[in-house]
2 protein chains.
Amino acid sequence: MAEATERAYRSLKQDIDHGVYGPGSRLPGERDLAGRLGVSRVTARRALGRLATEGRLESSAQRGWFVPEQVLGEPPSTLQSFTEMVRARGLRPTTTVLRQEVRPATFDEADELRIAPAAAVIQIDRLRGMEGPPVCYDVVVLVHERAPALARADLTDRSLYEELSRLCDVWIHRSAYWVQADAADDATARLLQVPVGAPILLSHEVAYTEDGVPVLVGTNRYRGDAYRFEADLFRPRAGL
Amino acid sequence: MAEATERAYRSLKQDIDHGVYGPGSRLPGERDLAGRLGVSRVTARRALGRLATEGRLESSAQRGWFVPEQVLGEPPSTLQSFTEMVRARGLRPTTTVLRQEVRPATFDEADELRIAPAAAVIQIDRLRGMEGPPVCYDVVVLVHERAPALARADLTDRSLYEELSRLCDVWIHRSAYWVQADAADDATARLLQVPVGAPILLSHEVAYTEDGVPVLVGTNRYRGDAYRFEADLFRPRAGL
DNA sequence: TACAACTTAGACCAGATAGTCCAGTACCGA
DNA sequence: TCGGTACTGGACTATCTGGTCTAAGTTGTA
């Protein structure tokens, strides 16, 4: 396979592996896809065709390309919002907004978000639970310019990711994530109704759009006994 | 380098430096370029080739020459072994084997590993550190049949994943992972040299080959202050 | 003069590109 | 229910591109 086709093929395959296009979903149109891949439509079609022969994709004339539903499908390393995760467990997520204001960015934030220091950001503090006591204390800092509508949006019992998509037409595509175990400090213990020193899962996230533009940094503190972070990880084959 | 090639090289380099051809952009075709530079195509190609070896240009067959974007590499959502992670930080991983024996699988293990209950498994307990005090208490249970050589392999200061590949020709492709925050119990506290109740990052992993065959389940307990779990997550585009 | 190093023009190829046309599909408003 | 419209995958064409090769021309040096 030639170089451009190869690149397009790999890029598509990776997106499928990572669940960017989940099972059963339809890919963007060939013309759109070719544009995103930086390749002509004919080349994009060659890559799609190869994925189809491998059973990774199915085409339906005049309808589109689809990711086949697979019983044994590899669950992708998928980014799931708190709201989605709670709903997936059949519970109803609750969210209380503690703070929602526009302020200048700190140096660290400006660095992570690739904006000028002191540029306007929106800070949103929320307390989140699933029908019972609070489970998560959530602090999000967004670039004001990239999501202005969120400065005044009502996020009570709503998903920030969904509102970001609905109100601001911003879609989070990738997040750089880390989690570590920590002990609850005074403020966190009070908010999450646990003893000081209780185990807390501390997570930090920088979320990007498809273009690689950072949109928000989030810091979540979960009750250790009420939350577990799950992911599927892939191991790159050395040399490949 | 001869004179004509030298001239062409300098001219092109200057154009790139001065932003005539910006990052990510495509240069005019070789024939056109050769005309503008007042040299033959072969000479122009020599100059282009030299710029390519210097990393200032990239060629793509049948497409053109491109000015590389300066990329801040996107680390994929990658499975990294403890050994690899420690090495990536420039430290030397140390591993002490506490236990290494073949025993029948429990019901839970048989279920996760898709083997018959009481089938033979290898259990390996290790204490791991990076040059200093122990950081991780690591328990791995492998299917004996799928990796028999590991029953007697010496894993002191070695990576299990690497030995798995080297001795058993088994390559871990994907892992189902979860982590949660926990408090250190007596045994863990003693091994990791932390107070009872100190925050611990508890991780659990089921590792699969490319064929989707489960090979091992691992349970790691990390000192909360010494380890952080990192991943890149992708968000499936709902419905679109 | 002879030789080597460099440059040139030209041709050919497989791969890639933009563009067109077509028939089938989905969707929306009347 | 119907019709219009925008969009889709499928197929095809003409054109361009880098990669490779050959043969001839030019220049400088021994």
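D157(A) lies in the loop between β5 (134–143) and α6 of chain A, where helices (H or I, at least four residues) and strands (E, at least two) are DSSP runs numbered from the N terminus. Welcome to a predicted model, in which local features need pLDDT of at least 70, side-chain atom pairs count only at pLDDT 80 or more, and totals for chains, interfaces and linings use all residues. Residues are numbered from 1 along each chain as its sequence is written, while chains are lettered from A and ligands numbered from 1 in the order in which they are written.

- D157(A) is not a glycine, yet its phi is positive, at about 55°.
- With 13 other C-beta atoms within 10 Å, D157(A) is partly exposed; a residue is buried if 20 or more other C-beta atoms lie within 10 Å of its own, exposed if 12 or fewer, and partly exposed in between, with C-beta atoms placed from the backbone.
- Q193(B), also a residue other than glycine, has a positive phi near 60°.
- Q193(B) sits in the loop between α7 (186–192) and β7 (199–208) of chain B and counts as exposed, with 11 C-beta neighbours inside 10 Å.
- S165(A) belongs to helix α6 (residues 160–168) of chain A and counts as partly exposed, having 15 C-beta neighbours inside 10 Å.
- Leaving aside neighbours within four places in sequence, S165(A) is in contact with V170(A) and W171(A); two residues are in contact if their C-beta atoms, placed from the backbone, lie within 7 Å.
- The C-alpha atoms of S165(A) and A147(A) are 9.6 Å apart, and the two residues are 18 residues apart along the chain.
- T219(A) is found in strand β8 (residues 214–223) of chain A and is partly exposed, with 14 C-beta neighbours inside 10 Å.
- Not counting residues up to four places away in sequence, T219(A) touches V139(A) and H204(A).
- V139(A) is 80 residues from T219(A) along the chain, with a C-alpha separation of 5.2 Å.

- Chain A has seven helices and nine strands.
- Of its 240 residues, 36% count as buried.
- Taking contacts in chain A between residues at least 6 apart in sequence, 57% join residues at least 24 apart.
- The largest nonpolar core has 61 residues, and I200(A), L201(A), I200(B) and L201(B) have the most contacts inside it; such a core is a set of buried Ala, Val, Leu, Ile, Met, Phe, Trp, Tyr and Cys residues joined through C-beta atoms within 7 Å.
- Helix α1 (residues 3–17) of chain A gives the largest share of this core, five residues.
- In soluble globular proteins, nonpolar side chains tend to be buried together.
- L201(B) touches residues of both chains, among them Q180(A), A181(A), V179(B) and Y222(B), when residues up to four places away in sequence are not counted.

**Helix packing**

- In chain B, helix α2 (residues 30–37) and helix α3 (residues 41–53) pack at an angle of about 95°, with their axes 9 Å apart; axes are lines fitted to C-alpha atoms, for helices over the stretch in contact, and angles run from 0 to 180 degrees between N-to-C directions.
- α2(B) and α3(B) are therefore roughly perpendicular, since angles under 35 degrees count as roughly parallel, over 145 as roughly antiparallel, 65 to 115 as roughly perpendicular and the rest as oblique.
- From α2(B), E30(B), R31(B), L33(B), A34(B) and L37(B) meet R41(B), A44(B) and R45(B) of α3(B).
- The residues of the contact of α2(B) with α3(B) are four nonpolar, no polar and four charged; Ala, Val, Leu, Ile, Met, Phe, Trp, Tyr, Cys and Pro count as nonpolar, Asp, Glu, Lys and Arg as charged, and the others, Gly among them, as polar.
- α2(A) and α3(A) pack at an angle of about 95°, with their axes 9 Å apart.

**Surfaces near the DNA**

- DNA strand D is surrounded by 22 residues, the closest being G29(A), G64(A), G29(B), E30(B) and G64(B); a residue is near a molecule or strand if its C-beta atom, placed from the backbone, lies within 6 Å of it.
- α2(A) gives the most to the surface near DNA strand D, with three residues.
- By class, the surface near DNA strand D has six nonpolar, eight polar and eight charged residues.
- DNA strand C is surrounded by 22 residues, and the closest are A2(A), S40(A), T43(A), A2(B) and T43(B).
- The surface near DNA strand C has nine nonpolar, eight polar and five charged residues.
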